[in-house]
Amino acid sequence: MSKAFQVPKNPDEVMKWINSIPMYREDHPYDLSFKSPQEILDVQNSKLQKQMERLEKLSPFYREKFKEWGIDPKSIKTVDDLEKVPLTSKADFMADAGESFKLDMDFDNIMEYILYDVTYTTGTTTGMPSRFYNTTYDMFMLSWMFRVGCKIGYLEPDDILMNLFPFHFIPHIGFYRTWHFAAAAGMTLAFGFTGAPLPGFPHNIHRSMQQAIEDIETKKVNALSGIGSYIRRLIMTAEEQGRDFSRLNKIQALGEPVPQGMRIDMRRRLQNMGAEEVFISNAFGFTEAQTAFQECTELGGAHTGVPEVYFLEVVDEETGKRKPDGKPGLLTITHLDRRGTCLLRYLVGDIVAITHETCPHCGRNDARIIIAVGSTYGTRTKELLKVKGTLINAESMRDAVANTEGVSEYQFIITKERKDDPYSMDLLKLKVGVEKGVDRKKLEAILIDKVQRAVELRPKIEFVEDLSQIFSPDETLKATRVIDERPME
Ligand SMILES: [Zn+2]
């Protein structure tokens, strides 16, 4: 057994925990998230002015846009002035796979501008994934961000972490940032090294989920980082095998929304394998942030952690105007101190709500993304679907089912009542895998009721015996919870 971990419950306990770890105690004076809102704003404004200078001089995309928009970048002196700047869309970014957003070399500061790393965001118009570049300066800043982030999420230098993100043929942030954050905080790192094969590559270089399960036991791993649905499947398999997972006490369940019911389920299974208190964090990450914003308490908000690096805004979907704290809208990110790929008011593609209020749990003053719908942080905008003529929020629908006892896997399929008739009524199917011994009739009634309450649609329930029909961790990165099979109009 490792030492038991107890999640600090209030700002005093958080400070006590920070002071118990020399590295975090020494970092603390430089940690802007604990400073006053005014100090944070002052730093953000002065960083923004320098960033605007860099964009004017070195950004191929923005120096052209400033002329086109008739905006003098020097007139943008405060984060409030940003409201004068038009939004940058995903389409803008994808138009040349992100190339024109990378700053040119600054020959007066070569060391800061050396290209160091590239990760890719999925989804483009041409099929070529868009590139997101980090220079040496950005990588050093990432290291600092990770120290701050690990501190928010209670990861400690003594932790033994397993990286369960897949080693994929396209570099995503999950696999690479996990080793980086572990390194930055001085943790010991083990690897699952799973993933999908590179088509045509002659050898299988990946390891299996089974090997990861065995390593978690034998290497005394106490923390996991990976995609939420993958970690959960691993835990389910380990539970069936009666493994000793008593050391596990911290889970970074990332890459997709992990609603409350899913966390409760994972915790219960871990406790069946001997675990005690388990902190399950669904930090909110995306490529343009290069990190995941950490929770200091489950569901308590996703802390940006480093307000000197990002400025977040929530804007109205229709008008593009900034929305007040607490009101949901489109998330935008502005980089305040970067050298590689730099974005201004970039629409990330999620609907979220933010707050600048002091966090009651930890006492930090950085911006936090808060729960706006169900029990998860963001709804991808593309997940607003029209079914039977009604705009539905896929997140509310998922949340309703994921928080239901007895459900082990699930998937919504939006299809047509008659497959051979594209004009027949839309049909909402819900495939469900169940725990042993569950009363299916009763569960069916509960699910129908919950989904109806969430999205005003009655689902047709189909029980599935083989869970890999819903999600096969060997084939896909994450479980697809909603599939739209209707013919394109
Ligand atoms: Zn907090």
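Analyst: The arrangement around the zinc ion is tetrahedral, because its 4 donor atoms subtend angles of 101 to 118°. For comparison, four tetrahedral donors have an ideal angle of 109.5 degrees. The model is predicted. Its protein donors are Cys296 through SG, His303 through NE2, Cys359 through SG and Cys362 through SG. They lie 2.1 to 2.3 Å from the zinc ion. Along the sequence, the donor residues follow the spacing C-x6-H-x55-C-x2-C. Cys296 sits in the loop between β9 (291-295) and β10 (302-303). Cys362 sits in the loop between β13 (346-355) and β14 (368-370). The pair therefore ties together parts that are 66 residues apart in sequence. Cys296 has a relative accessible area of 0%, so it is buried. Cys362 has a relative accessibility of 1% and also counts as buried.

Phe311 is part of strand β11. The relative accessible area of Phe311 is 7%, under the 20% limit, so this residue is buried. Setting aside neighbours within four places in sequence, Phe311 is in contact with Gln44, Val79, Leu82, Arg322, Thr332, Ile333, Thr334 and Leu336. Phe165 is 146 residues from Phe311 along the chain, and their C-alpha atoms are separated by 28 Å.

Asp316 lies in the loop between β11 (310-315) and β12 (329-335). Asp316 has 22% relative accessibility and counts as partly exposed. Not counting residues up to four places away in sequence, Asp316 touches Lys321 and Lys323. Asp316 and Leu330 are 14 residues apart in sequence, with 6.4 Å from C-alpha to C-alpha.

Two helix pairs deserve attention. Two packed helices are described by the angle between their axes and the distance between the axes. Take α3 (residues 37-58) and α4 (residues 60-69). Their axes come within 6 Å and cross at roughly 95°. That angle makes α3 roughly perpendicular to α4. On the α3 side, the contact is made by Met52, Leu55, Glu56, Lys57 and Leu58. Pro60, Tyr62, Arg63 and Phe66 make it on the α4 side. The contact of α3 with α4 has 6 nonpolar and 3 charged residues, and no polar ones.

The other pair is α7 (residues 136-152) with α8 (residues 173-184). Here the axes are 8 Å apart, and the packing angle is about 70°. Angles of 65 to 115 degrees count as roughly perpendicular, so α7 is roughly perpendicular to α8. From α7, the residues that meet α8 are Met139, Leu142, Ser143, Phe146, Arg147 and Cys150. Their partners in α8 are Arg177, His180, Phe181 and Ala184. By class, the residues in the contact of α7 with α8 are 6 nonpolar, 2 polar and 2 charged.

Backbone angles come next. Tyr154 lies in the loop between α7 and β3 (160-163). Its phi is near 65°, a positive value in a residue other than glycine. Tyr154 is buried, with a relative accessible area of 1%. Phe193 is not a glycine, yet has a positive phi of about 50°. Phe193 lies in the loop between β4 (188-191) and α9 (209-218). At 22% relative accessibility, Phe193 counts as partly exposed.

Two further residues complete the tour. Ala402 is found in helix α12 (residues 394-402). The relative accessibility of Ala402 is 14%, so it counts as buried. Beyond residues up to four places away in sequence, Ala402 touches Pro259, Gly261, Met262 and Tyr410. Ala402 and Gln260 are 142 residues apart in sequence but 8.0 Å apart in space, C-alpha to C-alpha.

Thr415 belongs to strand β18 (residues 407-416). Thr415 is buried, at a relative accessible area of 4%.

How values were computed
Residues are numbered from 1 along each chain as its sequence is written. This is a predicted model: local features need pLDDT of at least 70, side-chain atom pairs count only at pLDDT 80 or more; totals for chains, interfaces and linings use all residues. Side-chain values use heavy atoms; hydrogens and water are left out. Donors are N, O and S atoms within 2.8 Å of the metal (3.2 Å for Na, K and Ca); water is not among the atoms, so sites may look incomplete. Four donors count as tetrahedral if all angles lie between 85 and 135 degrees; four count as square planar and six as octahedral if opposite donors are over 155 degrees apart and all others between 65 and 115; anything else is irregular. Helices (H or I, at least four residues) and strands (E, at least two) are DSSP runs, numbered from the N terminus. Buried means under 20% relative accessible area, exposed over 50%, partly exposed in between (1.4 Å probe, protein chains only). Axes are lines fitted to C-alpha atoms, for helices over the stretch in contact, and angles run from 0 to 180 degrees between N-to-C directions. Angles under 35 degrees count as roughly parallel, over 145 as roughly antiparallel, 65 to 115 as roughly perpendicular and the rest as oblique. Contact means heavy atoms within 4.5 Å. Ala, Val, Leu, Ile, Met, Phe, Trp, Tyr, Cys and Pro count as nonpolar, Asp, Glu, Lys and Arg as charged, and the others, Gly among them, as polar.
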